[in-house]
Amino acid sequence: MSDRIIVVGNGESVLESEAGNIIDNFKTVVRLGRYVTDGFEKYVGSKTDIISTIYWKLDIDRLRDHKVILSVPLNYQEKFIESEEFITKEFSEYKKNIIHLNTFNDIAGIKGMYLDTMPPLKDIDNVNFSLGFKTFYFISKLFPDKKIYATGFDFFKTGWYWDPSHNRNDSNLHPYIWERLWYKKMIRSGKINEL
């Protein structure tokens, strides 16, 4: 499975099949945010190669042991890139493990990825796409030759598999319905392969 990469989402649907061993056999396993594997290994596996996360969810122990795609929310983007305060002060020793820090160009790329297959969203310049949605963009950009697989993407239709109380009311105004429709289109087109 060297040409395949799997992105494991945090939705409860990942508990519908015991795919942990299949996930762990992928060459590259990507997980999101503050994911949990302990106690859920038979469903989600235990292997993690890359973590895609928002900067305030970045854990020093995870950064030490994994490669990281770091996403900075749009309203912090300019200040964060100018100062790099969060990275240089806390994590400078492990900064080399950050394989991508999103840029202004990524903002246009993420919107473009959405608009390639979906109708325009009202005020799209102020839309806060979810970390899961952005991760598909980053993986496509960083690993263009890899076949992308995914599991556990519910886009706030359910809670997190380890915390069912997390719901769309906590979703920071993500366009989760439109993201879910986009994901379904990607599955039907074969651009993303659902496990």
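Author: Let's start with D106, which is buried, with a relative accessible area of 0%. "Buried" means under 20% relative accessible area, "exposed" means over 50%, and "partly exposed" is anything in between, using a 1.4 Å probe and counting protein chains only. Before we go on, note that this is a predicted model, where local features need a pLDDT of at least 70 and side-chain atom pairs count only at pLDDT 80 or more, while totals for chains, interfaces and linings use all residues. Residues are numbered from 1 along each chain as its sequence is written, and side-chain values use heavy atoms, with hydrogens and water left out.

Who is the partner of D106? The side chain of K141 meets the side chain of D106 in a salt bridge, 2.6 Å from N to O. K141 sits in helix α7 and D106 in helix α6, so this pair ties together parts that are 35 residues apart in sequence. A salt bridge here is a side-chain nitrogen of Lys or Arg within 4 Å of a carboxyl oxygen of Asp or Glu. Helices (H or I, at least four residues) and strands (E, at least two) are DSSP runs, numbered from the N terminus. While D106 is buried, K141 counts as partly exposed, at 38% relative accessibility.

Between α6 (104-115) and α7 there is a loop, and D123 is found in it. The phi of D123 is near 55°, a positive value in a residue other than glycine. That's worth a second look, because most residues other than glycine have a negative phi. D123 counts as partly exposed, since its relative accessibility is 48%.

Now follow the chain into α7. The largest nonpolar core has 53 residues, and F136 and W182 touch the most other members. Helix α7 (residues 131-142) gives the most to this core, with six residues. A nonpolar core is a set of buried Ala, Val, Leu, Ile, Met, Phe, Trp, Tyr and Cys residues joined through side-chain atoms within 4.5 Å. Leaving out residues up to four places away in sequence, F136 touches V7, M113, I148, A150, F153, F155, W182, Y183 and I192. For contacts, the rule is heavy atoms within 4.5 Å.

What about nonpolar side chains at the surface? I177, W178 and L181 form a nonpolar patch there, with about 270 Å² of accessible area together. Patches are made of residues with over 30% relative accessible area and no salt bridge; like charges are joined within 9 Å, and nonpolar side chains (Val, Leu, Ile, Met, Phe, Trp, Tyr) within 5 Å. The areas come from the Shrake-Rupley method with a 1.4 Å probe, and for residues, only the protein chains shown count as cover. I177 belongs to helix α8 (residues 176-189) and counts as partly exposed, with 46% relative accessibility.

Back to the charged pairs: how many salt bridges are there in the whole structure? A search finds five. Besides K141 and D106, there is one between the side chains of D61 and R64, at 2.6 Å from N to O. D61 and R64 both lie in helix α3 (residues 60-65), three residues apart, which is about one turn of the helix. Another salt bridge joins the side chains of K47 and D49, at 3.7 Å from N to O. K47 counts as partly exposed at 26% relative accessibility, and D49 is partly exposed too, with a relative accessible area of 25%.

Finally, zoom out. The protein chain has eight helices and seven strands, and buried residues make up 49% of its 195 residues. How far can you trust the picture? Look at pLDDT, the predictor's confidence in each residue, from 0 to 100. The chain averages 86, and 86% of the residues score at least 70. Where pLDDT is low, the predicted coordinates should not be read in detail.
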